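Please view the sequence and the model together.

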Amino acid sequence: GPQSEHAFTSRYDFGPWPLLGGVTALRPQVLQVLGDTRALMLNGFVLDELPGAVVVAAAQATRAAGGSVFFDPGPRSWTLLQGERRAALDAILDVADVVLMTQEEAEAVTGCADPATAGAWVLGRRGTATS
């Protein structure tokens, strides 16, 4: 957000999102690779590039096949808080095995200023595999 302690800027800051909006589904070859993978690393920037439903499908396919999902919402996490992007964020958090966030990102995602409370919020999600 505007008060952040680190800065990042790109043309994605101004949309339109997603950049590759014409991608509507994962190809069978991609699903096969995800089914064979042991881990998938996602970050919030992927939601600038692909529709949320496609990203969520990748995360869910990985998890359903026994792979781990790692998620870092990134320094632009404040852009994920409304509409379709929020729905995708929530769905990814529901299947993520590991969530990597700075304190600033955690506050943006959870609405909790206290790091321990933000951590409890993430761990309390329905798909959480770790406690």
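## Strand pairing and the sheet

In this predicted model, Met41 stands opposite Phe70 of strand 2. Strand 1 (39-43) and strand 2 (68-72) are joined by five bridges, and their pairing is in the parallel sense.

These strands belong to an open sheet of three strands, in which the order is 1-2-3 and the pairing is parallel. Strand 1 and strand 3 (98-99) are the edge strands, each pairing on one side only.

## Helix 3 and its surroundings

Helix 3 comprises 13 residues, 52-64, and spans 18 Å from its first C-alpha to its last, close to the 18 Å expected at 1.5 Å a residue. The helix lies across strand 1 and strand 2, and runs at about 155° to strand 1.

Its buried residues include Val54, Val55, Val56, Ala58 and Ala59. The buried residues of helix 3 pack against strand 1 and strand 2, and also against helix 1 (28-36), helix 2 (46-49) and helix 4 (83-95). Just after helix 3, Gly66 adopts a positive phi of about 95°.

## The pair of helices 5 and 6

Helix 5 (residues 103-110) packs with helix 6 (residues 115-123) at an angle of about 55°, and the two axes are 10 Å apart. The two helices are therefore oblique to each other, and their crossing is left-handed. Helix 5 contributes Gln103, Ala106, Val109 and Thr110 to the contact, while helix 6 contributes Pro115, Ala118, Trp121 and Val122.

Conventions:
Residues numbered from 1 in each chain as written. Predicted model: local features only at pLDDT ≥ 70, side-chain atom pairs only at ≥ 80, totals over all residues. Heavy atoms only, no water. Helix = DSSP H or I, 4+ residues; strand = E, 2+ residues; numbered from the N terminus. Expected span 1.5 Å × (residues − 1). Buried < 20%, exposed > 50% of the residue type's maximum accessible area, 1.4 Å probe, protein only. Contact = heavy atoms within 4.5 Å. Pairing = 2+ DSSP bridges. Axes fitted to C-alpha atoms, helices over the stretch in contact; angles between N-to-C directions. Parallel < 35°, antiparallel > 145°, perpendicular 65-115°, else oblique. Left-handed = near helix turned anticlockwise from the far one by under 90°.
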